[in-house]
Amino acid sequence: MNVLEKLDSSILIGDGAMGTYLYQKGYKGSFEAMNLTDPEAVEHAHREYAEAGADILQTNTYAANWVKLAGYGLEDKVQDINRAGVQLARNASGGSAYVFATVGGIKGVQVSEHSDDFLREALQEQVDILLAEPVDGLLLETFYDLPELLQIVRYIRSRDAEIPIIAQVALGDVGVMHGGVQISEAFSRLEDAGASVVGLNCRMGPYHILKSLEQAELTDRAYYSAYPNASLPNWYDGRYVYQSNPEYFYKQAFRFKEQGIRLIGGCCGTTPEHVRMIAEAVKHDAPEKTKRPVKVETAVAEATADKEPFVPLHEKVKSEKTVIVELDPPKKLKTGKFIRGSQALHDAGADAVTLADNSLASPRIDNLAMGAMLKQQTSARPLLHIACRDRNLIGLQSHLLGLHTIGVRDLLAITGDPSKVGDFPGAKSVYDANSVSLISLIREMNEGRLFSGKSLGEKTNFSIGGAFNPNVLHIDKAVKRLEKKVNAGAHYFMTQPVYDINRIKTIHEAVKELKAPVFIGIMPLVSAGNAEFLHNEVPGIQLTEDTRKRMAACGDDAEAAQREGIAIAKELIDETLRYFNGIYLITPFLRYEITAELTKYVREETSAGVTEI
């Protein structure tokens, strides 16, 4: 009998986790590779699940795609591992259980170094191999990204209109996926795409999986599945461990039945004993065909009401000349000069003082702390850089919530210089996100939810800036990346320092159709050595030959070099004001008197009336 015909009349039992079960037995490395290196162990595990009562065995191929196998140097073994995985499950089933080929999601919560097209092709390659094998269906599991899962479901349907497809998502929070997609919406879209069974797996134990399923409405377009984790994982004696709670699964199986679930299995931490308890409880029982979903009142997040009127910089710069000035937080504990400088810049006419986030991967006083001091002790408006290098997704969101709580609204989202360029080259860079995904994460907060999809109760109102390096050979390619950032949620852009007057017009032509204003970066030079260092050693900065000659001509005369650096900066400001409203001044070595003078110069030129193109 076809598995879907069986599901129409009875509850079926899925197997448990293969990876964590093999891990509990002491195996390490790529568990999928064991299809080739230790097939007896894999087949024995399958057989244990079958003997425990599993009606459906999933192949040991969850991570058997090119991307994940490449981490073990096994990218050339994709076909062999997948074929062997099907054969081992088929051998173990003995004809008493259905064999479903397993495909796991690739896109997780962390940013991938690969493009979406590349990841899609990796999954399609695996699917093509598995469809050529004698399987009873495909089980797609642990997909955090709904578009990724929808794409692969549609691809399978384009290859085979009849084969059963089980499509399971992993939730970010109870009842909701990343991006705020509610469980009922996710199920409905998967049903539309052609999934035969839709459900949940991983991330949560039975309690929270059930809480989520309570919100879903049953339809007659698909059947429903649940593969919860055994529990939350614990770290003990150098290993992840899960609570051994098969009796708990026995009790929860009845509750899954009440929710209309027709396929019940297990994910991380579950063993044959868990499956045995589920089978004893509900195996081949008649399923519930109706239920009343729990109505969850989704609170509409309200925008935060600031005590003082807040005009976002990206709105301000559209109508008037706007100046932001960068002043790096101190490397040492004395903060007096920084505070005095911030106030002086404000008094000179700076609309915001921007604080880098451990620039060049060198530790400085945390910019959140310095931003709070600016708000408390000066009239300056802080604009904080947020780098992805030093914080994981938890830390990034916590940092952002902290900034919003203290009233900081202006941000620049950047990937951040790699650790190896800084004072501690042995430190590990995190990079759970890059600048584009960080911008998207902040936009989610502006819509009132965390990256997991969980509601914040109110909306943040961050003004989101992005970085732009126009000092490249193909500026059109750089602008295409800006467009991706705009689509992700960026409101404005700040450029790397520009030292070529002719380049400013080129930038204007390149970005004039961009739906976000641009602040042109200008950093005054202070010496010939400073000029040569920036040109030769700092990524993303290029000086013209004329600029370097002018600085070199000052020789060792520090005062003359500073005057010449200011003169060059003023020439760049004059040209910028012809094309752009936004000026981004970068203070060298905390010498804020230089950028204060340039800020006043911008205000004087603006008052005098600068001809715009």
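**Inside the model**

Setting aside neighbours within four places in sequence, His399 is in contact (heavy atoms within 4.5 Å) with Asp366, Asn367, Leu368, Ile386 and Arg391. This is a predicted model in which local features need pLDDT of at least 70, side-chain atom pairs count only at pLDDT 80 or more, and totals for chains, interfaces and linings use all residues. Residues are numbered from 1 along each chain as its sequence is written, and side-chain values use heavy atoms, leaving out hydrogens and water.

His399 belongs to helix α16, residues 393-405; helices are DSSP runs of H or I with at least four residues, numbered from the N terminus. With a relative accessible area of 8%, His399 is buried, a term that means under 20% with a 1.4 Å probe, protein chains only.

A nonpolar core is a set of buried Ala, Val, Leu, Ile, Met, Phe, Trp, Tyr and Cys residues joined through side-chain atoms within 4.5 Å. The largest has 93 residues, and Leu400, Leu411 and Phe468 touch the most other members. Helix α22, residues 558-579, gives the most to this core, with 9 residues. A second, separate core of 74 residues includes Ala45, Leu138, Ala279 and Val282.

Beyond four places in sequence, the contacts of Leu411 include Leu383, Ile386, Leu400, Phe462 and Tyr492.

Finally, the lining of the largest cavity has 6 nonpolar, 1 polar and 1 charged residues. Here, Ala, Val, Leu, Ile, Met, Phe, Trp, Tyr, Cys and Pro count as nonpolar, Asp, Glu, Lys and Arg as charged, and the others, Gly among them, as polar.

How values were computed:
Buried < 20%, exposed > 50% of the residue type's maximum accessible area, 1.4 Å probe, protein only. Helix = DSSP H or I, 4+ residues; strand = E, 2+ residues; numbered from the N terminus.
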